[in-house]
Amino acid sequence: MTRIAIIGAGFGGLAAAIELKRAGFDDLVIFERGEDVGGVWRENTYPGAACDIPSPYYSFSYAPNPGWSRRFAPQPDILGYLRHLTTAYDIGRHIRFGAAVASADFDRATGTWTIATSNGDTVEVDILIPAVGQLSRPALPDIEGRDSFAGPAFHSARWDHSVDLRGKRVAVIGTGASAIQLVPQIQPHVSRLTVFQRSAPYLLPRLDTRFSRLRRGLFAKVPLTQTAERGAWFALTEGLTVAILYARPLKRVVEAVSRWHMTRQLRDTDLGERLSPDYPFGCKRVLFSNDYLPAVAAPNVDLVTIGIEAITPTGVRTADGAEHQVDVIVYGTGFTATDFLAPITVHGADGRDLRAQWREGARAYLGVSVPHFPNLFLMYGPNTNLGSGSIVFMLECQARYIAQAVRMSAGRPLAVRPEVEQEYDDELQGRLRDGVWSKCSNWYRVASGRVVNNWPGTVSEYRRRTRHFRRDEYEPVG
Ligand code: NAP
């Protein structure tokens, strides 16, 4: 019986567990540091948290959910979906909650992995599948005096619901995907909102809608209707990817739509110039919103575009010497996304340290397999994030590929051949080097300049390349 350990019970861990169970593997243990499934969808409870890819597409193809309340489902819907899958596929009994993995060590003699948790438990398995996400560790900015602030201060992914923002002066630092969702939600309730923007995001119209009871009934009774909606969004997001990556004329059209959308929303204000992005379209994630700009233009909001110099006990000081007095600070400053697998220590064949091997930046064949790390298969690994499209689709591809790998590697640990991974990496980095994500600062790149998070193609290409596990690309180790 193949013994398998999965780290994380978020979208990725559940995707892997479901696929493996469907393939007949039942000796699974899932280590989850939290007390519930859901990963980032358990942790991100900030006001307005919702997916920014339409839910009929942001879900597993084999598990459509006719119950989405909106096209862009809010966080409680998505967490509910993941809890439902856990029950429906009988995953719950495999999960060890409150178990943070500290280390994983491969033993060449036995061909097994020993997993140790921070509370001292150890487990020996044949296959290790880390599914710890890319956006699970909040990044707090390194700003002087950050700890000196006297009031409540928290990150968007660690929302402090005990703090009542009504009537307060609130600072939001950052204007990325999380901030543009939360700003419109809190703006009507606070007395003064100060938004600190380092770079303006490109926005596109959010074609959201409430799914009526009739629509949901139709999704349930005629599943093809939801499949059709899924297909339409698949095509649209693939089109956006093609526009951003390959087709300049198409990109100019989409950028024009974005600028039109933004200008139209800011027509009666003098904010247009300051909210206009000054970097190439697509270099940072393009965001979908209809309510962010009107919220920033509201009379109780100040948009500050001058750099932050320090946090003081009473607020934020900017480089022009201005003191912005606030009662609460919200950090919408993103995640330490390039630090794959941190803080877990992983040793492969002959004691190789994964962090040392990834000194120049994380890399893996198809985002899944790392040379010298036998029977280790990553979910949402390096270069599998998307500029546009559904990560859930990518996870499904990875889970299918891994299920095939597990079947092939039964009884003899397999690691991807170094030359196969090298050729793949050369190709990928060649495509990424002069690509759109190298043209501005973003969270996809490491100091060496390598883009380590994003996949440089369409999801169709990724699907094609991960469809079949090729045994000849791997070598036995042990
Ligand atoms: P993010 O997109 O990385 O945005 C962080 C923001 O903080 C940026 O505006 C950044 O400015 C700013 N910032 C960082 N450090 C700063 C500093 N020292 N001073 C001033 N500003 C600073 O983070 P996020 O909004 O949390 O989103 C991260 C990712 O999570 C998204 O790209 C998306 O993939 C995912 N997400 C998805 C959803 C969804 O709907 N599915 C929702 C939320 C998040 P710069 O741009 O200048 O660096």
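1. Q181 reaches the ligand through its side chain. In this predicted model, a polar side-chain atom of Q181 sits 3.4 Å from a ligand oxygen atom. W443 also places a polar side-chain atom 3.4 Å from an oxygen atom of the ligand. With D52 the backbone does the work: one of its N or O atoms lies 2.9 Å from a ligand oxygen.

2. On its own, the ligand exposes 910 Å². The protein buries 84% of that area.

3. The shell around the ligand holds 23 residues. A50, A177, S178, S199 and K284 are the closest. By class, the shell splits into 10 nonpolar, 9 polar and 4 charged residues. Which helix gives the most to this shell? Helix α4, spanning residues 177-186, does, with 3 residues.

4. Now the sheet. Three strands form an open sheet in the order β14-β15-β16, and the pairing is antiparallel. β14 (308-312) and β16 (323-325) are the edge strands. Each has a single partner strand, so one side of each lacks a neighbour in the sheet. Neighbouring strands here are turned by 20 degrees against each other on average, direction ignored.

5. The β14 pairing can be followed to residue level. β14 and β15 (residues 315-318) run antiparallel and are joined by 4 bridges. I311 has V316 of β15 as its bridge partner. In general, strands of a sheet pair through backbone hydrogen bonds.

Note on methods. Residues numbered from 1 in each chain as written. Predicted model: local features only at pLDDT ≥ 70, side-chain atom pairs only at ≥ 80, totals over all residues. Heavy atoms only, no water. Near = heavy atom within 4 Å. Polar contact = N/O pair within 3.5 Å; in protein donor to acceptor, adjacent residues only side chain to side chain. Areas by Shrake-Rupley, 256 points an atom, 1.4 Å probe, with all protein chains shown as cover. Helix = DSSP H or I, 4+ residues; strand = E, 2+ residues; numbered from the N terminus. Nonpolar A, V, L, I, M, F, W, Y, C, P; charged D, E, K, R; others polar. Pairing = 2+ DSSP bridges. Axes fitted to C-alpha atoms, helices over the stretch in contact; angles between N-to-C directions.
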